Amino acid sequence: MIRIRSIRFIASAAAVPIIALGVAACGGGGNGATAATPPPTTASGHSATVGTASVGSLGAVLVDSKGDTVYLFQKDTGTKSTCVGPCASAWPPLRASGKPTAGSGANASMLGTTPRSDGITQVTYNGHPLYTYSGDQSPGDTNGEGINAFGGLWYAVSAAGNQVVGQASSSSSSGGGGGFSY
């Protein structure tokens, strides 16, 4: 009986510092501090921030929180996305849980969201649903620029919310579109 009480006491004594550490980490110190609200995140868990970066000959374009170029699809009408199925695999919609945040160079008043047919929320900018391109391998890549795929043209987006028309990517001129069959 003494042995069981000793084990319970040791277990209770070990739990006290762990609980205290958890309360402190959550801002539960009672000094009026509040925990910061985490920023909205994309489906992959990244912050749903849209900012700008200078990329190659296109200049300043919108990028996501990883620095990947974001694109608009000319076939979309208003905030409604027409890119589903295989299109959404090649051109993943920029998704978010909650309101996206404006990073450097982006206009917060132009950021919004729209529901997709699959029920997931997609980020919009100046009324355009935003996408990344699976053919872009690194931040700053613009391999999707000017590609004609899935019934429309794809363009990077300026901070003003307009399409950026630059040189068509080499993948679109070869007809392969970055290794994808459209």
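Where is Asn126 placed? I found Asn126 in the loop between β6 (121–125) and β7 (128–129). For my own reference, strands are DSSP runs of E with at least two residues, helices are runs of H or I with at least four, and both are numbered from the N terminus.

A note on what I am looking at: this is a predicted model, where local features need pLDDT of at least 70, side-chain atom pairs count only at pLDDT 80 or more, and totals for chains, interfaces and linings use all residues. Residues are numbered from 1 along each chain as its sequence is written, and side-chain values use heavy atoms, leaving out hydrogens and water.

**Overview.** I looked up the elements and got 3 helices and 10 strands. Along the sequence I read the pattern α-β-β-β-α-β-β-β-β-β-β-β-α. Of the 182 residues, 35% are buried (under 20% relative accessible area; exposed is over 50%, partly exposed is in between, with a 1.4 Å probe and protein chains only).

**Contacts.** I took the contacts with a separation of 6 or more, and 62% of them join residues 24 or more positions apart. A contact means heavy atoms within 4.5 Å.

**Backbone angles.** Most residues other than glycine have a negative phi. Asn126 is partly exposed, at 35% relative accessible area.

Which phi does Phe150 have? I noted a positive value near 60 degrees, again in a residue other than glycine. Phe150 is in the loop between β8 (148–149) and β9 (152–157), and it is partly exposed at 27%.
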